[in-house]
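Here is a short report on one protein chain. Please look through the sequence and the coordinates alongside the text.

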Amino acid sequence: MSETMSTNEENKLPLNGRRAIPPNYSNDEENEVPEVEAFGLMPRGFNPRDYLQVVDIYMFKEPHEINKQEHHTDKYYNPRLIVRRGQAFQIQVDFNRPYKPETDQFWLEFLMGRYPQQNKGTYIPILVGNVLKPGQWGAKIIHRENNSIRLSIMSSTTCIIGKFRLYVAVLTPFGILRTRRNSATDTYILFNPWCQLDAVYLDDEKEREEYVLNDVGIVFHGNVEDVKSRSWSYGQFEENILDACLFLMDKAELELSGRGNPIKICRVASAVINSRDDNGVIAGSWNNVYDYGVAPSAWTGSVDILLEYYSSKQPVRYGQCWVFAGVFNTFLRCLGIPARLITNYSSAHDNNANLRLDFFLDDEGKVDTKLTKDSVWNYHCWNEAWMTRPDLPVGFGGWQVVDGTPQETSDGMYRCGPASVQAIKHGHVCFQFDAPFVYAEVNGDIFYTRMEKNGTQVVENIDTTRIGQLIVTKEVGGDGMMDITEEYKFREGSDEERLALETAVMYGVKKQSIQDTTYQPQTDVDMDFQAQKAVLGNDFKVTITFRNKSRNSYTATTYLSGNIVFYTGVTKSEFKKHSFSAKLEPSSSSSFDIVIKSREYMSDLLEQASFHFFVTARINETGKILAVQKAVILEIPTLRIKTKGELVAGKEMSVIVEFTNPLKQTLENVTLRLEGPGVLRTMKKQFGRIPKNSTLTWEVKFTPMRPGLRKLIASLNSDALRHVYGELNVQIQKP
């Protein structure tokens, strides 16, 4: 019977002329492993019970036991054994009688996927020896007692990452006897940043605790003048998240044999995190319409997104850059690759990667939205993953940029990275992958160009300092901000910066020279633009200041345009137009105030409450044009979170979330979310409406399971108001 079964199976395999074995993409699929593998005809009286038999295998897989403690995997909510590669772990094998090394022979087998092969690293037989060699597969007996032996097993430092099946095989004169398939002995093997021979080795313990073991992070958003932050729950240790992350590699069809290589894993993950062209995890939406999905600003962490994708296998709606980056960070930390979330303020999305963002002005000095294709994002989030780069020259290992937000295609798919941060800083953008694109995101110049009637372009202004002027991540061991701009670029205007730019141009980054265009900067009048701190729902004031450094009197025809923009710098609507004539006295400054009324902007407001002001002034006497632009972000009210009762593991406690509606209108379709990694699975509650000035209160009762410092994160989402967050650190005591 089994013979015919297997031949039918063989006929169905999708073989082609090039490979003898079908592609091996799935960590979940299995092959049948025979319990008795005969060497020939079995003699009549053969009874397997006469030989050494395995009665039980004990994996030491509880969080408090030696394996998970020594391998820093005790936080995973997963009943199976989880270990890191290149480091010894222990198991105990119980036989039906004492083991006799002189006559008995047994070995271990680790298998992965449906077509295990030794040369692909998916079939690993391990003989028991006397000594363990660092970084190589091996096993030795460290303790014998009655019918039991305890083994120390070493895995290879280049071993595949994923879930292995374990068998114990015993040799008899007539054939091999194997243990039965038992999922309780499945073993997950992860990357090991604690092991010097691993490609992801990180030598600082505090950094390992932050970049691998911390399950909460901070997303910095807002803009350069007004940096805002919010917490994000990575939740890489939560139930089923490890399986969901392994499933992503199956979904991306990464061959099992390539899963020991962090470069390959990052590259395929940057494509599968977004849904463009491969039905990946998150569908992006930047148009403020989130029907049949969750608004990007409502998510408080990655767990809900990954679990929904793992069960539905369909893209989860919706995400924007920090959501892609948050989920990507969970994936990397979960597999053991050190990772951090980065925010680049004033990030260039340069459509043709020529290091030049062109803003075209019409005759009046207003931006021509039809001609202007490039955009400056208020901020853009991506990730850095830590690894060696044996595929590049020495010196380009360390932090690598990986970006899951779909912006441009790379080798035909929406993905980006890994690109060496060091290579970007020095302009060595010839090294794979996608370094020119990242270089342009942090190094472009903004050209304000006026189109003359005859088609010639006149450059009115060049801004060389705005793009990538601040690049940050969360500090190690705290919630503060760490400025890492100098890791991406030399100081603005330094000789090294020029040299890095020349190197990038030499390696093929397109840079148009200024000689191509006529450019005469305006020198004798400066214009500056400032905005008062603006609170959502209130009026606020903006001020335009001219400084006339010449001895002439001038008049300036000034035009202010206020636009409601997506955080990507794309305009939704113009809500304020204001023009006036300014008299500029010789050698003096003059300021002009303009009041922005809340009723002018409230009806069209987008979720990030972000404005973009564009001011142009023409000096009538000389025909010169001054241009300045600025992003302004409204202060959004926060949620208040407090706790009631004792904060003790195993005891019920309650959390109260409060919010007061500050707007001059009723909020409709309000949804609250609350989560706390390691304390509380995400809770959601719908509220129909909150009238103006009234306060909503929501009490949640739950029982925290583990002691320690934890963070509660809440978000509020409604039709008129989004990006409302609150958080609270709670210290759960031991019972």
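## Active-site annotation

Cysteine 321 lies in helix α7, which covers residues 321-335. The model is predicted. In the unreviewed UniProt entry, Cys321 carries the annotation "active site", together with His380 and Asp403. These three positions are spread over 83 residues of sequence. In space they cluster, with a largest C-alpha distance of 9.9 Å.

## Binding-site annotation

The unreviewed UniProt entry gives the annotation "binding site" to Asn443, Asp445, Glu492 and Glu497. They span 55 residues of sequence, yet they cluster in space. The largest C-alpha distance among them is 13.5 Å. One of the four, aspartate 445, sits in strand β23, residues 445-451.

## Backbone geometry

Two cis peptide bonds deserve a look. One runs from arginine 317 to tyrosine 318, with omega near 5 degrees. Tyrosine 318 belongs to strand β15, residues 316-319. The other joins glycine 417 and proline 418, and its omega is about 0 degrees. Proline 418 is part of strand β22, which covers residues 416-420.

Lysine 313 is another point to check. Its phi is positive, about 60 degrees, although lysine 313 is not a glycine. Lysine 313 is in the loop between α6 (303-312) and β15.

## Domain layout

How is the protein chain divided into domains? Domain 1 takes residues 36-190 and domain 2 takes 215-507. Domain 3 covers 525-633, and domain 4 covers 640-732. The centres of domain 1 and domain 2, taken over C-alpha atoms, are 42 Å apart.

## Interface of domain 1 and domain 2

Domain 1 brings 19 residues into contact with 17 residues of domain 2. About 1400 Å² is buried between domain 1 and domain 2. Carbon and sulfur atoms give 66% of that area. Which residues of domain 1 lose the most area to domain 2? They are Tyr76, Tyr77 and Ile161. Together these three account for 38% of what the domain 1 side buries.

How many salt bridges does the rule find across the interface of domain 1 and domain 2? The count is zero. Polar contacts are present: the rule finds five residue pairs across this interface, both residues of each at pLDDT 80 or more.

Notes
Residues are numbered from 1 along each chain as its sequence is written. This is a predicted model: local features need pLDDT of at least 70, side-chain atom pairs count only at pLDDT 80 or more; totals for chains, interfaces and linings use all residues. Side-chain values use heavy atoms; hydrogens and water are left out. Domain bounds come from an automatic or database domain assignment. Contact means heavy atoms within 4.5 Å. Buried area is the accessible area (1.4 Å probe) that two parts lose on being put together, summed over both. A salt bridge is a side-chain nitrogen of Lys or Arg within 4 Å of a carboxyl oxygen of Asp or Glu. A polar contact is a pair of N or O atoms within 3.5 Å; within protein, one must be able to donate a hydrogen and the other to accept it, and residues adjacent in sequence count only if both atoms are side-chain atoms. UniProt positions are given in the numbering used here, feature names are shortened, and annotations may be inferred rather than shown by experiment. Helices (H or I, at least four residues) and strands (E, at least two) are DSSP runs, numbered from the N terminus.
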